[in-house]
Amino acid sequence: MNKEKLSQLYHLEKEIELLKRQIADMDYKIVTDSVKGSDTCFPYVQHTITIKGIDYGEYEQKEARLKRQLKRRLDEYMDTAAEINEYIASIKDSEMRQILSLKYINNLPWRQISMHMGTCGDGSTERKKHDRFLAENL
């Protein structure tokens, strides 16, 4: 697991939410047209009537293809996110697990990670531990 892949986790989770919303929000294409008609009673005056409906032609095929593409991407992203979470959970050192979780799952800056860890510095200690750990475990 490298630093680039770990840093994708936060953004992958945001993109997963976005893809789920896109899939849920897909709506049919509403089409409108107008026809000529007349009153049902005498004097039978002719006028234009606007009608609306759903275009089931090519739209269903395009929608199905787009949904398949979005679901495929969603599956890939969820697999990657699960892999990263499993990697972080598999780390034996509790302190390093916390540092990686705070950095890559919670997307916190180093200063906030330092405060959470109780050192209340600028985060350089946690950053160095993080960098050393990744260098040793790649």
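Look for aromatic pairs across this whole predicted model and you'll find one. It's made by Phe-42 and Tyr-44, whose ring centres sit 6.0 Å apart with the planes at 85°, so the pair counts as edge-to-face. Those two numbers are what you need here: a pair of aromatic rings is described by the distance of the centres and the angle of the planes. As for solvent, Phe-42 is exposed, at a relative accessible area of 71%, while Tyr-44 is partly exposed, at 49%.

Now move along to helix α5, which runs over residues 124-136. Its 13 residues reach 18 Å from the first C-alpha to the last, close to the 18 Å expected at 1.5 Å a residue. Which residues of α5 are buried? They are Glu-126, His-130, Phe-133 and Leu-134. These four cover an arc of only 95° around the axis, which puts them on the same side of α5. The spacing makes sense once you recall the helix geometry: an α-helix has 3.6 residues a turn, so residues three or four places apart point the same way.

One more stop is helix α3, residues 94-105, where you'll find Lys-103. This lysine is buried, yet it has no salt bridge. How far away is the nearest side chain of opposite charge? That is Asp-131, and it lies 9.0 Å away, whereas a salt bridge would need the charged atoms within 4 Å. Leaving aside neighbours within four places in sequence, Lys-103 is in contact with Leu-108, Trp-110 and Ile-113.

Conventions:
Residues numbered from 1 in each chain as written. Predicted model: local features only at pLDDT ≥ 70, side-chain atom pairs only at ≥ 80, totals over all residues. Heavy atoms only, no water. Helix = DSSP H or I, 4+ residues; strand = E, 2+ residues; numbered from the N terminus. Expected span 1.5 Å × (residues − 1). Buried < 20%, exposed > 50% of the residue type's maximum accessible area, 1.4 Å probe, protein only. Arc of directions from axis to C-beta. Lys, Arg positive; Asp, Glu negative; His and termini not counted. Contact = heavy atoms within 4.5 Å. Phe/Tyr/Trp six-rings, centres within 6.5 Å; stacked < 30°, edge-to-face > 60°.
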